[in-house]
Amino acid sequence: MVVVSGGGGNAWAKEMTIRRRIASIFNKTQEHFPTLKDYNDYLEEVEDMTFNLIEGIDVEAIEAKIARYQKENAEQIFLSRAKRAEDLAAALKASRMNPVKTDADDTAAGSSQGISGGAGVQGQYAPAAVPGGAQPRPTGMAPQPIGGRSDPLQGDDEETRRLRAERAARAGGWTIELSKRRAMEEAFSAIFL
């Protein structure tokens, strides 16, 4: 694959395509290296190649290096892709075990998580479509409404509104003493200018 830099087009899409391709080939983890320094050197080399491909710098030499790496590490690349596919399948299965409500506008969230399969994207695992066409939402406790019948601050009189405002301000870390102290500091700091 030869990538030419510049000349319009969607630069973000081009960069993401290149990054996905490189990540699917150079997919070693820290466990593959004896030291953290070796792993960091590997990551830096991969990022340098990615940057140069995106910018169109020495593309032929980098493509040759990628092809050579793919031949030398074909088994490791295949095993890493298989492990990633298994992890994604397990995550999908776990999400199906906990059914939740879905929205149709959540389908775009999958592409930012690296689980969508697009045309021309190599090495990406695309899970089976969820019934209804939407990705499941994370499970957890739903937001609970504040107030209700047991809320002592029910009513619309002046005292209740003042107490609500005071509690809301304190919940954000603000107090009336804080504003008074700040006003005094600002007033006295202007005196000595």
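The model is a predicted one. Ala-67 sits in helix H3. Its C-alpha lies 9.6 Å from that of Ile-25. In sequence, 42 residues separate Ala-67 from Ile-25. Ile-25 itself belongs to helix H1, where it takes part in the contact with H3.

The protein has 193 residues, and 20% of them count as buried. Its secondary structure consists of seven helices and zero strands. Read from the N terminus, the order of elements is α-α-α-α-α-α-α. The accessible surface amounts to about 14,200 Å². Carbon and sulfur atoms account for 57% of that surface. Contacts between residues at least 6 apart in sequence were also sorted by separation. Of these, 61% join residues at least 24 apart.

Helix H1 spans residues 11–25. Its axis and that of H3 come within 10 Å, and the two cross at roughly 35 degrees. On the H1 side, the contact involves Arg-21, Ile-22 and Ile-25. On the H3 side, the residues are Glu-63, Ile-66, Tyr-69 and Gln-70. By class, this contact of H1 with H3 comprises four nonpolar, one polar and two charged residues.

H1 also packs against H2. The axes of H1 and H2 come within 10 Å and cross at roughly 145 degrees. This crossing of H1 and H2 is right-handed. H1 contributes Lys-14, Glu-15, Ile-18, Arg-19, Arg-21 and Ile-22 to the contact. H2 contributes Val-46, Glu-47, Thr-50, Leu-53 and Ile-54. The residues of the contact of H1 with H2 divide into five nonpolar, one polar and five charged. Arg-21 and Ile-22 of H1 meet H2, and Arg-21 and Ile-22 also meet H3.

Helix H2 covers residues 36–55, and helix H3 covers residues 59–72. Their axes lie 9 Å apart, at an angle of about 135 degrees. H2 and H3 are therefore oblique to each other, since an angle over 145 degrees would be needed for roughly antiparallel and 65 to 115 for roughly perpendicular. The crossing of H2 and H3 is left-handed. From H2, the contact draws on Tyr-42, Glu-45, Met-49, Asn-52 and Leu-53. From H3, it draws on Val-59, Ile-62, Glu-63, Lys-65, Ile-66 and Tyr-69. Seven of the residues in the contact of H2 with H3 are nonpolar, one is polar and three are charged.

The loop between H2 and H3 contains Asp-58. Phi of Asp-58 is near 50 degrees. That is a positive value in a residue other than glycine.

Terms used
Residues numbered from 1 in each chain as written. Predicted model: local features only at pLDDT ≥ 70, side-chain atom pairs only at ≥ 80, totals over all residues. Heavy atoms only, no water. Axes fitted to C-alpha atoms, helices over the stretch in contact; angles between N-to-C directions. Helix = DSSP H or I, 4+ residues; strand = E, 2+ residues; numbered from the N terminus. Parallel < 35°, antiparallel > 145°, perpendicular 65-115°, else oblique. Left-handed = near helix turned anticlockwise from the far one by under 90°. Contact = heavy atoms within 4.5 Å. Nonpolar A, V, L, I, M, F, W, Y, C, P; charged D, E, K, R; others polar. Buried < 20%, exposed > 50% of the residue type's maximum accessible area, 1.4 Å probe, protein only. Areas by Shrake-Rupley, 256 points an atom, 1.4 Å probe, with all protein chains shown as cover.
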